[in-house]
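Here are some notes to read alongside the model. Please keep the structure open while going through them.

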Amino acid sequence: MGDERSEHMPIHAEQDHCPLCRSRHTILYFEDRNRRYRQCLDCLLVFVPRCFWLSRSEEKATYDLHQNEPHDEGYRHFLSRLSNPLLAQLPPQQRGLDFGCGPGPTLSSMLEEHGHRIDLYDPFYFNDPSVFDKKYDFICATEVVEHLHDPDREFTSLFEMLKRGGWLAIMTKLVIDRQAFSRWHYIRDLTHICFYSRETFAYLARRFNAQHTFAADDVILLQKH
Ligand SMILES: [Zn+2]
């Protein structure tokens, strides 16, 4: 579909299958001076092919620049757009996981102040693989899913770690359309490699037998049945 250049490239040069649903029905969606972006026609994920990714050390260096202070009121307010609707759904004293918590966990403190117990996981800062053997009442992923290298595998393990009736609370900015995408600050961050649409969350809900609701423009709650 109008993607002349990739058809003339060797087949292994650019990953063209969707990293979330593995469909091969993908098109070139947008291109800027740094990267190309493909969209899956089945789940509508927009993704950056692997050949345009930063190295792990470049990625870590970018995260180190974005350290948030746990007591920064502005940051706590930002996170409250996820924690408030999540807290409204949770019974007392639940067990949760802050997946991709970053170097200065803030959300976990906010949820612990309400009596919940939170484990931390982050591949760079809290790399404790024992969390993958546990079961949780809820899992939070704020500003995380846009960084996933293998969203198919990673969403599968998140839903496996959730108890039945448990909640997955996600914060990520959503794709609106190609015109908005072209002007979007979110794609300028080179650690962002997956961009989700509302329809992508409908796909995830169907696939993992969950119910999804949008608590804000960039906050999605999924409850596993
Ligand atoms: Zn897909």
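**Notes on the predicted model**

1. Cys-40 has a relative accessibility of 0%, so this residue counts as buried. The cut-off for buried is under 20%. Cys-43, at 1% relative accessibility, is therefore buried as well. Bear in mind that the model is predicted.

2. Which atoms hold the zinc ion? The SG atoms of Cys-18, Cys-21, Cys-40 and Cys-43 coordinate the zinc ion, at 2.3 Å. Along the sequence, these donor residues follow the spacing C-x2-C-x18-C-x2-C.

3. Why is the arrangement around the zinc ion called tetrahedral? The four donor atoms subtend angles of 101 to 119° there, and tetrahedral is the label because of these angles. For four donors, the label requires all angles to lie between 85 and 135 degrees.

4. His-116 sits in the loop between helix H4 (107-112) and strand E5 (117-121). Is His-116 buried or exposed? Its relative accessible area is 6%, so His-116 is buried.

5. The side chain of His-116 reaches the backbone nitrogen of Gln-94 at 2.9 Å. Beyond its neighbours within four places in sequence, His-116 has contacts that include Leu-87, Leu-90, Pro-91, Gln-94, Leu-111 and Phe-138.

6. The largest pocket has a volume of about 860 Å³. Its lining is made up of 36 residues, and those nearest the centre are Tyr-63, Gly-100, Glu-143, Val-144 and His-147. At least two lining residues come from each of helix H2 (56-65), helix H3 (73-89), strand E4 (95-99) and helix H5 (151-161).

How values were computed: Residues are numbered from 1 along each chain as its sequence is written. This is a predicted model: local features need pLDDT of at least 70, side-chain atom pairs count only at pLDDT 80 or more; totals for chains, interfaces and linings use all residues. Side-chain values use heavy atoms; hydrogens and water are left out. Helices (H or I, at least four residues) and strands (E, at least two) are DSSP runs, numbered from the N terminus. Buried means under 20% relative accessible area, exposed over 50%, partly exposed in between (1.4 Å probe, protein chains only). A polar contact is a pair of N or O atoms within 3.5 Å; within protein, one must be able to donate a hydrogen and the other to accept it, and residues adjacent in sequence count only if both atoms are side-chain atoms. Contact means heavy atoms within 4.5 Å. Donors are N, O and S atoms within 2.8 Å of the metal (3.2 Å for Na, K and Ca); water is not among the atoms, so sites may look incomplete. Four donors count as tetrahedral if all angles lie between 85 and 135 degrees; four count as square planar and six as octahedral if opposite donors are over 155 degrees apart and all others between 65 and 115; anything else is irregular. On a 1 Å grid over the protein atoms alone, a cavity is a set of points where a 1.4 Å probe fits but cannot get out, and a pocket is an open set with protein on both sides within 12 Å along at least five of seven lines; lining residues have an atom within 4 Å of a point. Grid points are joined across faces, edges and corners, and a volume is the space filled by probe spheres set on the points.
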